[in-house]
Amino acid sequence: MLVLSRKEDDKIIIDENIIITVVELHGGRVKVGIDAPANIEIHREEIYHKIEMENREAGNNGGMVKKLILKGGEEDVEL
Amino acid sequence: MKLKCKNNYSLRNGSEEVITFFQGIPGFNDQKEFVFLCSKDKGPFIVMQSVEEENLAFITINPWEVLGDYRFEISDLVKERLAIKSLEDILVLAICNIRGRLMNMTVNLAAPIVINYKKRLGKQVVLENTDYQVRHPVFSVQSKLGVQKCLF
């Protein structure tokens with residue numbers, strides 16, 4: 001991992017079009033500003049991780065429940 | 001197998017029914033193709049089945065069955081990724097999870113599955129700054145669903 005030391009208001013440029021700014025440092029927290037093209041997806045890691053964990057758990061029991069739901073044939077369903 | 005929505009569009013048998021998730025879904029980024037299977041007499045649930053991995057399937061539901069006033073914004077990024085021209089082209093589902101008893105089933109309203117069925121593209125959209133829960137109870141007081149309606 002590349003580790004860079006930055007001060008408040010310093011920036012990091014990634015791939016020429018993503019600019020990360022250290023907006024504020026205060027009490028062990030850092031506010032980060034991100035300027036990026038609209039087609040770049042940005043998530044807080046812990047939120048994304050929570051969805052990953054939930055999907056893994058749901059995927060594990062899905063196979064079993066699938067059989068129960070589809071037993072009796074596959075038909076149209078109104079959405 | 002068909003999946004019929006309000007405007008009478010059907011996903012039919014054959015290769016065209018495959019929905020491509022270019023990024024997979026979080027936790028399963030290598031699973032890029034899913035089919036959607038349903039059975040009318042088994043309640044409102046729709047199975048989201050991985051094409052590649054037979055044992056990988058998710059139970060999904062139309063989120064408005066659970067929460068009538070469910071709302072979220074389809075961002076420009078999602079519109080672009082899914083080539084969405086009109087909101088009429090999309091279907092929205094949410095992944096359910098069962099822990100132990102069926103009564104305890106929850107649905108992930110914080111990361112809906114959005115499908116452009118015209119282009120056959122799908123994406124699980126991780127909502128930012130949302131109050132919706134990853135584990136929203138399916139059979140709650142405000143839910144239209146009764147557990148007895150879901151004939152497992």
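**Exercise 1. Which pattern does chain B follow, read along the sequence?**

Solution. This is a predicted model, where local features need pLDDT of at least 70, side-chain atom pairs count only at pLDDT 80 or more, and totals for chains, interfaces and linings use all residues. Residues are numbered from 1 along each chain as its sequence is written, chains are lettered from A and ligands numbered from 1 in the order in which they are written, and side-chain values use heavy atoms, without hydrogens and water.

Step 1. Identify the elements: helices (H or I, at least four residues) and strands (E, at least two) are DSSP runs, numbered from the N terminus.
Step 2. Count them. Chain B has two helices and eleven strands.
Step 3. Read them in order. The pattern is β-β-β-β-β-β-α-α-β-β-β-β-β.
Step 4. Of the 152 residues in chain B, 57% are buried; buried means under 20% relative accessible area, exposed over 50%, partly exposed in between (1.4 Å probe, protein chains only).
Step 5. Check contact range. Contact means heavy atoms within 4.5 Å. Among contacts in chain B between residues at least 6 apart in sequence, 54% join residues at least 24 apart.

**Exercise 2. Find where confidence in chain B is lowest and where it is highest.**

Solution. 
Step 1. Take the whole chain. The mean pLDDT (the predictor's confidence in each residue, from 0 to 100) of chain B is 81, and 78% of its residues reach 70 or more.
Step 2. Compare elements. The lowest mean, 39, belongs to strand 2 (residues 10–11) of chain B, and the highest, 97, to strand 10 (residues 121–124) of chain B.
Step 3. Residues 1–15 of chain B have pLDDT below 50, yet the stretch has 42 contacts in the model beyond near neighbours in sequence.
Step 4. Apply caution. Where pLDDT is low, predicted coordinates should not be read in detail.
Step 5. Turn to the complex. The predictor gives an ipTM of 0.83 and a pTM of 0.82.

**Exercise 3. Describe the lining of the largest pocket.**

Solution. 
Step 1. On a 1 Å grid over the protein atoms alone, a pocket is an open set of points where a 1.4 Å probe fits, with protein on both sides within 12 Å along at least five of seven lines; lining residues have an atom within 4 Å of a point.
Step 2. State the volume, about 760 Å³.
Step 3. Go to the centre. The lining has 27 residues, and I42(A), H43(A), R44(A), E128(B) and N129(B) lie nearest the centre.
Step 4. Assign elements. Strand 3 (29–35) of chain A and helix 2 (76–81) of chain B each give two or more residues. Strand 3 of chain A gives the largest share, four residues.
Step 5. Sort by type. There are 15 nonpolar, four polar and eight charged residues in this lining.

**Exercise 4. Which loops hold N129(B) and D15(A), and is each residue buried or exposed?**

Solution. 
Step 1. Phi of N129(B) is near 50°, positive in a residue other than glycine. N129(B) is exposed, because its relative accessible area is 67%.
Step 2. D15(A) has a positive phi of about 55° although it is not a glycine. D15(A) is exposed, because its relative accessible area is 65%.

How values were computed. Points joined across faces, edges and corners; volume = space filled by probe spheres on them. Nonpolar A, V, L, I, M, F, W, Y, C, P; charged D, E, K, R; others polar.
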